[in-house]
Amino acid sequence: MFASMFRLADVRWASLALAFFAIGAAAQFSGAPAWAWLPAYLACYLAGGWGPAWEGITALAKPRFEVDLLMVIAAVAAAAIGQWFDGALLIVIFATSGALEAVLTERTADSVRSLLEHAPDRAVRLRDGREDTVDAAGLAPGDTVLIRPGDRVPADGTVTAGESEVDESTLTGEALPGRKAIGAQVLAGTVNGTGALEVHVDRSSADSVLARVARQVEEASEAKSKTQLTIERVEQPYSLVVVAATLALIGIPLLAGAAFEPTLLRAMTFMIVASPCAIVLATMPPLLAAVALAGRRGVLVKSALMIERLAEVDRAAFDKTGTLTHGRPRVERIEALDGDEARLRRLVAAAEARSEHPLGRVLAAIGDPNGATDFQAVPGRGVRARVDGADVQVGHPVLFEDAEDDPAARRLVAELEAQGLTVAVVIADKRPVGVIGLTDTVRPEAAQAITALETRLGTEARLLTGDHPAAARRVGAAVGIDRIDAALLPGDKADRLAGTRTLYCGDGINDAPALAASHVGVAMGGTASDLALQSADVVLVGQRLTALPAAVDLARKATRVARANLVFAAAVIAVLATWDLVGDLPLVLGVAGHELSTVIVGLNGLRLLSGRHWKEDRA
């Protein structure tokens with residue numbers, strides 16, 4: 001709680017610093033007297049500078065001299081020689097970056113907490129013929145729990161009694177509930193259907209798949225933030241060199257008998273021209289301009305750092321359900337075993353008219369849904385009803401167990417399942433009369449987007465899914481992906497992405513570890529879970545996969561501009577600092593050169609705001 005309060009305070013102080021800076025700059029450049037804008041700059045220093053100053057001072061005890069303290073010293077030095085605008089700008093830059101980092105850290109923590117809320121707090125434990133309501137966290141391997149219709153599964157385990165269908169989309173990504181009978185595995189956090197199940201607990205709550213997903217999201221997010229270590233390794237020696245040079249410029253001349261005021265002025269001039277303010281501004285404008293342009297085109301990039309990472313990706317991987325597909329089933333094939341398809345459609349639609357199952361709603365739309373009586377939902381199997389005088393059953397192929405043996409019907413079921421279709425069988429008066437194959441709808445632009453990405457990255461795309469291999473192969477063939485890994489748990493996806501520069505696109509809770517562990521995680525806006533949106537670095541608000549190759553192109557262009565700006569800004573700093581060291585650099589010229597280089601690199605970066613830099617081929 002206290003950490004959250006401090007992070008909220010960081011945001012408030014940064015906002016105040018920015019507001020005071022804007023007021024002071026507006027007053028100063030409008031020609032107002034110093035008494036009108038000086039208090040605003042002072043307030044900016046206090047609001048945005050105390051945090052970096054305190055962190056820098058406490059770091060000295062490690063001992064470590066951080067660039068935060070150098071920035072505060074440079075800002076104070078700028079104010080000491082009358083350059084209040086320069087100093088306040090430095091303060092605003094560092095206060096804002098610190099606040100953004102704090103917000104992202106808090107969002108990661110919130111996403112992990114929200115994930116764990118999918119596991120129920122209470123469970124019904126069966127012991128010695130009694131039902132006891134207990135804390136789910138207290139369940140131990142060997143316990144038996146009762147899971148009633150609609151309940152969430154409290155622990156990973158094995159079904160020992162009952163039949164039902166369980167929605168496991170949060171963890172496996174499978175679009176449709178799966179049948180669970182004796183011997184089947186169930187996972188904590190998934191949702192039971194219409195039947196009651198008795199489950200033998202196999203793992204404690206701390207070791208469940210859901211808990212491991214939460215840990216993986218947290219660890220992967222922390223690991224991603226460690227990319228800042230490279231920057232820190234440069235900051236430390238650079239800061240020490242600038243401070244040492246500044247002190248030398250003060251101490252050595254004074255020991256040699258030089259006058260104090262011009263010596264101090266020269267040293268302060270050096271610290272200002274050597275400060276990395278221009279370098280920071282050299283990289284941020286093009287990256288932020290790319291963020292803004294992408295946002296206008298329906299691609300939300302969460303930070304400038306993610307633009308850099310997006311430019312680095314060298315391969316792409318995708319989830320299946322909800323990413324390459326819409327996540328909505330549709331009827332693909334209807335096979336009437338007696339040749340009467342019209343009657344088959346009538347029987348199926350009427351029998352499924354009152355079904356609450358996702359597949360039932362689709363099947364009810366293939367014919368006339370009126371006229372059924374004696375409707376009954378059979379957990380884990382399907383539905384049954386009286387239609388036109390016949391006893392009709394529609395559902396899972398397990399219904400064949402109670403019907404007349406029909407080898408042709410069984411071969412047809414096997415054929416459709418091998419094609420990756422979800423199969424519903426239709427039985428009338430104990431006799432198989434039809435087989436229906438359903439599938440998910442592939443996004444029409446998916447194949448085009450994948451081809452474009454493969455061309456840009458020079459590598460083949462991969463499909464990583466928790467769905468069945470046959471269904472994965474079917475979607476892979478439709479979008480042009482040959483490298484397919486199916487039947488994966490969330491941790492399996494993350495393991496396959498660890499240590500690679502992969503762009504991973506997904507939408508579900510099961511994708512969160514992969515989104516966090518990948519070099520760049522992309523979530524499908526609108527359909528994505530809250531955890532996926534928090535774990536991702538990029539969100540496709542418009543859900544257009546063709547925006548991905550366009551975003552990669554923009555990111556690469558932005559990083560090229562940033563590198564060019566960086567070289568230019570570093571060269572200006574080197575020239576001005578050398579001039580001050582070996583010559584006599586006038587303060588006005590030093591500040592002017594420093595500010596001019598900042599303006600040039602800023603304008604060069606902001607040109608990426610133009611829409612002509614976004615090139616997306618629509619499907």
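Arg346 is buried, with a relative accessible area of 18% (buried means under 20%, exposed over 50%, partly exposed in between, using a 1.4 Å probe and protein chains only). Its partner is Asp388: the two form a salt bridge, with the closest N and O atoms 3.2 Å apart. Arg346 lies in helix α12 (residues 341-351) and Asp388 in the loop between β14 (382-387) and β15 (390-395), so the pair ties together parts that are 42 residues apart in sequence. Helices (H or I, at least four residues) and strands (E, at least two) are DSSP runs, numbered from the N terminus. Asp388 is exposed, at 57%.

This is a predicted model, where local features need pLDDT of at least 70, side-chain atom pairs count only at pLDDT 80 or more, and totals for chains, interfaces and linings use all residues. Residues are numbered from 1 along each chain as its sequence is written, and side-chain values use heavy atoms, leaving out hydrogens and water.

A salt bridge is a side-chain nitrogen of Lys or Arg within 4 Å of a carboxyl oxygen of Asp or Glu. The structure holds 28 of them.

| Salt bridge | N to O distance |
|---|---|
| Arg127 and Asp143 | 3.2 Å |
| Asp314 and Arg501 | 3.5 Å |
| Asp388 and Arg346 | 3.2 Å |

Asp314 lies in the loop between α10 (304-312) and β11 (315-318), and Arg501 in the loop between α17 (490-497) and β20 (502-506), so this pair ties together parts that are 187 residues apart in sequence. Arg501 is partly exposed, at 41% relative accessibility.

Arg127 is partly exposed at 37%. Asp143 is buried at 10%.
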